[in-house]
Amino acid sequence: MVLHKHTGRRLGLKYSILGILMLWATSVFAAGSWTPLEKDGIHDPESPAVRVLQQPREALSVLPDDTAGNMVHWVRALQEGYINPRTNIMPETKIEVLDLDVIMPETSEMPLVLFPHRQHTEWLDCSNCHDKIFKQKAGETPVNMFAVLQGEYCGQCHGAVSFPLTECKRCHSVPRNKVPR
Amino acid sequence: MKITMKILLGMIATIHQTIQAAVLTVIVALLFVEAPVVQAEYADVILNKRSEREGMRPVIFPHWFHRIRFRCKVCHHELGFEMRAGANDMTMEQITEGKFCGMCHDGEVAWSVENCDLCHSGRRGLESRIVGGHETLGPGAW
């Protein structure tokens, strides 16, 4: 019994040290999500700019959070009014938003892909995708996951600027037995 | 007899937990060793076709900073930036004349090209490319 109590206390100590270690590790990680510019490996720590430029953490930590990419859910940031980026600089530029979902069914075992035009056209112009990357007819573009992973089709933006390709379910969002008609 | 069993079981459980704790500690330690690996913000673009050769630091273009202020369509449709890292062949002369970055960095939409260091802020020796973020390191890394 005495032995038990003793190891129990030692174990308690061990666990609290472990707990602190883990907390520390996560805080290192959280900081790693938005690395300070002087430590990010691309800015020259000696450049006078690193003291002047905005730190990613300062701008991004106040936006709706996400688990990948910039760690910001950009669709929500826009939709919920956290940010209001300009749509144009020249007054004559035509702004078009299209509310049209396209189901892309060639996904073998994976849930189907739902491509939402609204969220895309809030950010992008039709010409960014049509007809350079995608035909304007559902099912006409020979998209496949291999090409996407190589940076073609959806992968031109996703994996570079928009949320990365590790987020399978965000594109493959429609279960096979629940295809909307 | 019963008590000895209990102590024995207790000891086994303790050893088990200790091993578990040790394994966890090693994992945490490993993660910690991984942590200092430097990572630039997702979607930062390095532009260094000419800068370093001409004695300037490479240029760092932060997507995250600009997309808070402008939608993609402003640069990639209105202003005509190609959506491929390295595809826009920019020279400082063109920028000063009001092309590319100079369409905004003109002292009106944004601060002017006099602030050399704010754009030319990169480490020497960087290749032109887009910096992938936490997961994919951008297209091509897969």
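Reader: What makes the link between the side chains of B:Glu41 and A:Asn70 a polar contact?

Author: The distance between the two side chains is 2.9 Å. A polar contact is a pair of N or O atoms within 3.5 Å, where within protein one must be able to donate a hydrogen and the other to accept it, and residues adjacent in sequence count only if both atoms are side-chain atoms. The model is predicted, so local features need pLDDT of at least 70 and side-chain atom pairs count only at pLDDT 80 or more, while totals for chains, interfaces and linings use all residues. Residues are numbered from 1 along each chain as its sequence is written, chains are lettered from A and ligands numbered from 1 in the order in which they are written, and side-chain values use heavy atoms, with hydrogens and water left out.

Reader: Where does B:Glu41 lie, and which residues does it touch?

Author: B:Glu41 is in the loop between α1 (2-34) and β1 (45-47) of chain B. Helices (H or I, at least four residues) and strands (E, at least two) are DSSP runs, numbered from the N terminus. Not counting residues up to four places away in sequence, B:Glu41 touches residues including A:Trp34, A:Leu60, A:Asn70 and B:Trp64. Contact means heavy atoms within 4.5 Å.

Reader: How do you know that B:Glu41 has no salt bridge?

Author: The nearest side chain of opposite charge is A:Arg57, 9.2 Å away. A salt bridge needs a side-chain nitrogen of Lys or Arg within 4 Å of a carboxyl oxygen of Asp or Glu, so B:Glu41 has none, although it is buried. For charge, Lys and Arg count as positive and Asp and Glu as negative; His and the chain ends are not counted.

Reader: Why is A:Asp66 called buried, and A:Arg170 partly exposed?

Author: Buried means under 20% relative accessible area, exposed over 50%, and partly exposed in between (1.4 Å probe, protein chains only). A:Asp66 has 14%, so it is buried. A:Arg170 has 31%, so it counts as partly exposed.

Reader: What makes A:Arg170 and A:Asp66 a salt bridge?

Author: Side chains of opposite charge can pair when their charged atoms come close. The N to O distance between A:Arg170 and A:Asp66 is 2.9 Å, so the pair meets the limit of the salt bridge. A:Arg170 lies in helix α6 of chain A and A:Asp66 in the loop between α2 and α3, so the bridge ties together parts that are 104 residues apart in sequence.

Reader: How many salt bridges are there over all chains?

Author: There are nine. Another of them joins the side chains of B:Asp89 and B:Lys49, at 3.2 Å from N to O. B:Asp89 is in the loop between α3 and α4 (92-96) of chain B and B:Lys49 in the loop between β1 and β2 (59-61), so this pair links parts that are 40 residues apart in sequence.

Reader: How do you know that B:Glu97 is exposed and that B:Lys99 is partly exposed?

Author: B:Glu97 has 51% relative accessibility, so it counts as exposed. B:Lys99 has 41%, so it is partly exposed. Their side chains meet in a salt bridge at 3.7 Å, N to O. As for networks, salt bridges that share partners join A:Asp66, A:Glu167 and A:Arg170 into one.

Reader: Why is the charged end of A:Arg170 said to sit over the ring of A:Phe163?

Author: A charge sits over a ring if NZ of Lys or CZ of Arg is within 6 Å of the ring centre and within 35 degrees of the ring normal. The charged end of A:Arg170 is 4.8 Å from the centre of the A:Phe163 ring. B:Arg67 likewise lies over the face of A:Trp123, at 4.3 Å from the ring centre.

Reader: How many aromatic pairs are there over all chains, and why is A:Trp74 with A:Trp123 called edge-to-face?

Author: Rings of Phe, Tyr and Trp (its six-membered ring) pair if their centres lie within 6.5 Å; planes under 30 degrees apart count as stacked, over 60 as edge-to-face and the rest as tilted. The count by this rule is four pairs over all chains. The centres of A:Trp74 and A:Trp123 are 6.3 Å apart and their planes are at 85°, so the pair is edge-to-face. A:Trp74 lies in helix α3 (residues 74-79) and A:Trp123 in helix α4 (residues 117-123) of chain A, so the pair ties together parts that are 49 residues apart in sequence. Both A:Trp74 and A:Trp123 are buried.
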